[in-house]
Amino acid sequence: MSHKSSGYIAETRRECGGNLHGYIYALVKINESKPESFMLSYSDDKEFYLNEKSVQYIGVTNNPIARFQAHRTEKDKKIGMVIFDEAKNPAEGKMLEATAIYNYCQTKGKGPTFQKGHDTW
């Protein structure tokens with residue numbers, strides 16, 4: 001897994017203003033002994049959400065900085081965000097998000113802890 005430095009966060013913040021692309025991400029439980037381990041990072045592994053045990057949520061956003069801040073307020077302060085894929089347009093983003101949630105449920109037998117609506121009509 002590749003984690004980029006804080007320069008990545010500044011670059012992402014600049015690039016996300018008016019971004020037409022979507023970022024597919026996983027929220028992960030932060031390790032108490034290494035709180036910076038997943039604060040806001042990127043993984044080259046497109047199946048990160050299946051390979052990482054601490055995944056709590058899978059989503060898509062065109063502004064990871066703002067979405068991450070909202071998640072930390074709504075869900076839990078002890079979570080990080082790992083971007084693991086990128087979509088070229090909103091339809092592809094929704095498809096990649098739904099596919100990741102589906103694959104997670106098929107593999108793990110249930111959805112991520114904070115996921116809602118994945119098991120209802």
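Is Asp 85 buried or exposed? Asp 85 is buried, with a relative accessible area of 12%; buried means under 20% relative accessible area, exposed over 50%, and partly exposed in between, using a 1.4 Å probe and protein chains only.

Before the close-ups, a word on the model. This is a predicted model, in which local features need pLDDT of at least 70 and side-chain atom pairs count only at pLDDT 80 or more, while totals for chains, interfaces and linings use all residues. Residues are numbered from 1 along each chain as its sequence is written, and side-chain values use heavy atoms, with hydrogens and water left out.

**View 1. Strand S1 pairs with strand S3.** Helices (H or I, at least four residues) and strands (E, at least two) are DSSP runs, numbered from the N terminus. Two strands pair if DSSP finds at least two bridges between them. Here, S1 (residues 22-29) and S3 are antiparallel, with six bridges. Look for Val 28, whose bridge partner in S3 is Val 55. Six of the seven residues of S3 (residues 55-61) are buried, so this strand is largely enclosed by the rest of the structure.

**View 2. Strand S4 is mostly covered.** S4 spans residues 79-87, and eight of its nine residues are buried. With S1, it runs antiparallel and is joined by eight bridges; Tyr 23 stands opposite Glu 86 of S4. With S2 (residues 40-42), S4 runs parallel, joined by three bridges. There you can find Tyr 42 opposite Ile 83. As a reminder for strand views, side chains in a regular strand alternate between the two faces of the sheet.

**View 3. Asp 85 and Lys 46 form a salt bridge.** The term stands for a side-chain nitrogen of Lys or Arg within 4 Å of a carboxyl oxygen of Asp or Glu. In this pair, the closest N and O atoms are 2.8 Å apart. Asp 85 belongs to S4 and Lys 46 to the loop between S2 and helix H2 (48-51), so the pair ties together parts that are 39 residues apart in sequence. A search of the whole structure finds one salt bridge.

**View 4. Asn 103 sits in helix H4.** This helix covers residues 90-108, and Asn 103 is partly exposed, at 23% relative accessibility. Leaving aside residues up to four places away in sequence, Asn 103 touches Tyr 49 and Leu 50, where contact means heavy atoms within 4.5 Å.
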